[in-house]
Amino acid sequence: MAKVLLEDIKRRFNNVTAIEEISFEIPDGEFWVLVGPSGCGKSTILRTIAGLETATSGNLFIGDRLVNNIPARARDVAMVFQNYALYPHMTVAENIAFGLKMRKINPKIIQERVVNVARSLSLDHLLDRKPKQLSGGQQQRVALGRAIAREPQVFLLDEPLSNLDAQLRDDTRAELKQLHQQLGITTIYVTHDQVEAMTLADKIVVLSGGRIQQIGEPQAIYARP
Ligand code: ADP
Ligand code: ADP
């Protein structure tokens, strides 16, 4: 795990300023949630941290390393999207192991990590199945497993539960919280859902029109007058 520091990050697309004056520092191991209306810049912030977008200006640090010019693959960041894109021809075990194989990690270690991740996410009994033999919730757990198996320093989640039905969303949210308590990976999580923000966040960042409106603990953000 590592701290994540954004210093005056701005991203423009041609004439559109997607985000500007974005500055915050997430301490090691904390779970921060980005909220705000559609188009306010949540995904752009996440993608910039992941290295899938390049900031137009500003500095981005992961740990003590300035990563502005470091490619996504070298950032030690894992991201999970709303539409869990599993490899359909691979089993659950192969999906979880995929990122590790790409990194040429020792097969024994890969095997251990797959078993541990599967246990953490209650996927033990599903390791030999293909994605199409799984429920939506199970598929999203595999996507989470594939991301955490790499043991990233930073974990980025872009509305990971929004395709699940209500019951599964509750269960998976609880599992995510437990997983974070167990692993302590610095996490940044985008959602529209106030319950998710309230239950998961150490701090909530409220965005509007590409700028930060407020940063605070859940009770402060959602306090009733
Ligand atoms: P959110 O995730 O909060 O819905 P986004 O970060 O996706 O918001 O988008 C922020 C703003 O940047 C929006 O106005 C969006 O239209 C614009 N934007 C995002 N990506 C691009 C892109 N690739 N090209 C042009 N405009 C973009
Ligand atoms: P990508 O295919 O993701 O664009 P590159 O081809 O630029 O990545 O880099 C290939 C690999 O080289 C990366 O996965 C990373 O391990 C390493 N690498 C590239 N640039 C850097 C850097 N500035 N610092 C550390 N490692 C780097």
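**What stands behind the labels**

Mentor: Start with H2: the cover over its buried residues includes H3 and H4. Keep in mind that this is a predicted model.

Trainee: Which residues of H2 are buried?

Mentor: Val92, Asn95, Ile96, Ala97, Gly99 and Leu100 in H2 are buried. The label calls for under 20% relative accessible area. Just after H2, Lys104 takes a positive phi of about 55°.

Trainee: What makes Ala72 partly exposed?

Mentor: Ala72 has 26% relative accessibility. Buried would need under 20%, and exposed would need over 50%. Ala72 falls in between, so it counts as partly exposed.

Trainee: Where does Ala72 lie, and what is Ala72 in contact with, leaving aside its neighbours within four places in sequence?

Mentor: Ala72 lies in the loop between E5 and E6. With those neighbours left aside, Ala72 is in contact with Ala50, Gly51 and Leu52. The word contact rests on heavy atoms within 4.5 Å. Ala72 and Ile49 are 23 residues apart in sequence, with 8.7 Å from C-alpha to C-alpha.

Trainee: What about E6 and strand E7 (residues 154-158): how many bridges join them?

Mentor: There are 4 bridges between E6 and E7. With at least two required, that makes them a pair, so the label holds. These two run parallel, and Val80 has Leu157 in E7 as its bridge partner.

Trainee: Which way do the residues of E6 point?

Mentor: Val77 and Met79 point one way, Ala78 and Val80 the other way, and all are buried.

Trainee: And E6 also turns up at a pocket. What does E6 give to the lining of the largest pocket?

Mentor: E6 gives the most, with 4 residues. Strand E6 (77-80), helix H2 (92-102) and helix H4 (136-149) each supply at least two residues of that lining. The lining has 21 residues, and Val77, Met79, Tyr87, Arg103 and Arg150 lie nearest the pocket's centre. The volume of this pocket is about 690 Å³. By class, its lining has 15 nonpolar, 2 polar and 4 charged residues.

Trainee: How much space lies in the second largest pocket?

Mentor: About 230 Å³. Its lining has 14 residues, with Val117, Ile148, Glu151, Leu183 and Ile185 closest to the centre. H3 gives the most to that lining, with 4 residues.

Trainee: Why is something called a cavity and not a pocket?

Mentor: In a cavity a 1.4 Å probe fits but cannot get out, whereas a pocket is open. This structure holds 1 cavity of 30 Å³ or more, and the largest cavity has a volume of about 70 Å³.

Trainee: Which residues line the largest cavity?

Mentor: Among them are Phe31, Ile148, Phe155, Leu157, His180 and Thr187. H5 supplies the largest share, 4 residues. The lining divides into 8 nonpolar, 2 polar and no charged residues.

Trainee: Last label: what makes a nonpolar core?

Mentor: Its members are buried nonpolar residues joined through side-chain atoms within 4.5 Å. The largest core has 40 residues, and Val33, Ile96, Phe155, Tyr189 and Ile204 touch the most other members. H4 gives the most to this core, with 6 residues.

Trainee: What does Val33 touch, not counting residues up to four places away in sequence?

Mentor: Tyr189, Thr191, Ala197, Ala201, Lys203, Ile204 and Val205. There is also a second, separate core of 26 residues, which includes Val4, Ile9, Met79 and Val154.

Methods. Residues numbered from 1 in each chain as written. Chains lettered and ligands numbered in written order. Predicted model: local features only at pLDDT ≥ 70, side-chain atom pairs only at ≥ 80, totals over all residues. Heavy atoms only, no water. 1 Å grid on protein atoms, 1.4 Å probe; cavity = no way out; pocket = protein on both sides within 12 Å on 5 of 7 lines; lining within 4 Å. Points joined across faces, edges and corners; volume = space filled by probe spheres on them. Nonpolar A, V, L, I, M, F, W, Y, C, P; charged D, E, K, R; others polar. Buried < 20%, exposed > 50% of the residue type's maximum accessible area, 1.4 Å probe, protein only.
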